[in-house]
Amino acid sequence: MDADFADTRLARLAAAIAEPARARMLCSLMDGHARTGTELAAIAEIGTSTASVHLAKLKEQQLVQVIAQGKHRYYQLGSSEVAAALESLLAIAGAPQPRFKPSTPPRLRHARTCYDHMAGELAVKLHDSCVQQIWLVGDQQDNSVYELSQAGEQALTNLGIDVDLTRQSRRRFACTCLDWSERRPHLGGALGAALLALSLKHKWLERDLDSRALSLTREGKKQFQRHFAIVI
């Protein structure tokens, strides 16, 4: 029975991938960036209603997952296992992977505020650095929620963040927030807000008077490289 189930499951997955429009959408998500149904429809060269049907099929087979961000819904690959399987198939096919091309104005794309925390290319790099250094540890039940490791708590305390006070906030302590220009996660929650406040206090970042843009100062470049190994 188990073998029959595995065979049937494999056939369903293969059928879901085999349809050209769905294959194009899956390939476009291989770069790690989330995309809207409208964007995926354009990539697949099909109508939005047809794309919705295809995306429902991919979601049914757990090949994609949906992220709700405000009024918008974004799609990304269902798991790292899906990405690995597709990468192997792409290697066999010898197909080049399409690159994500954001249309956001450069200043806003580089760094900006997202409510009370940092967003943009710099914020995504900051998130990735904290994860790579194992300062942030994902929750096993919800990978969108983070806790600080002992090393992370010590590092951020040394920077001047009151971690205990930040934890007392009624909101989530630390969580992912999908970046609308990079389509990859940056750090949200109380900890994300604390990092932005710290950066503004020490003048690593400066607010734009007329927009949500943030400017990285010369001192900020030094400190982000020193503490987070971020080179801009």
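## Exercises: pocket, cavity, helix and sheet

β2 (64–69), β3 (72–77), α5 (80–93), α7, β8 (175–178) and β9 each give at least two residues to the lining of the largest pocket. Helices (H or I, at least four residues) and strands (E, at least two) are DSSP runs, numbered from the N terminus. This is a predicted model, where local features need pLDDT of at least 70, side-chain atom pairs count only at pLDDT 80 or more, and totals for chains, interfaces and linings use all residues. Residues are numbered from 1 along each chain as its sequence is written, and side-chain values use heavy atoms, with hydrogens and water left out.

**Exercise 1. Describe the largest pocket: its space, its centre and its lining by class.**

Start with the terms. On a 1 Å grid over the protein atoms alone, a cavity is a set of points where a 1.4 Å probe fits but cannot get out, while a pocket is an open set with protein on both sides within 12 Å along at least five of seven lines; lining residues have an atom within 4 Å of a point. Points are joined across faces, edges and corners, and a volume is the space filled by probe spheres set on them.

- Step 1: the largest pocket holds about 840 Å³ of space. Of the 29 residues that line it, Q65, I67, Q76, N143 and P185 are the closest to its centre.
- Step 2: β8 brings the largest share of this lining, 4 residues.
- Step 3: sort by class, with Ala, Val, Leu, Ile, Met, Phe, Trp, Tyr, Cys and Pro as nonpolar, Asp, Glu, Lys and Arg as charged, and the others, Gly among them, as polar. The pocket lining then has 10 nonpolar, 14 polar and 5 charged residues.

**Exercise 2. Now find what lines the largest cavity.**

- Step 1: the structure holds 1 cavity of 30 Å³ or more, and the largest has a volume of about 50 Å³.
- Step 2: its lining is M118, A123, L126, H186, L187, G192 and L195. By class, that's 5 nonpolar, 2 polar and no charged residues.
- Step 3: α7 (121–132), β9 (185–188) and α10 (189–201) each supply at least two of the lining residues.

**Exercise 3. Check the span of α5 and work out which residues are buried or exposed.**

- Step 1: the expected span is 1.5 Å times one less than the number of residues. For the 14 residues of α5 that makes 20 Å, and the end C-alpha atoms are 20 Å apart, so the two agree.
- Step 2: V82, L86 and L90 of α5 are buried (under 20% relative accessible area; exposed is over 50%, partly exposed in between; 1.4 Å probe, protein chains only). These three cover an arc of only 70 degrees around the axis (taken from the directions from the helix axis to the C-beta atoms), which puts them on the same side of α5.
- Step 3: on the other side of α5, S80, E81, A91 and I92 are exposed.
- Step 4: just after α5, G94 takes a positive phi of about 70 degrees.
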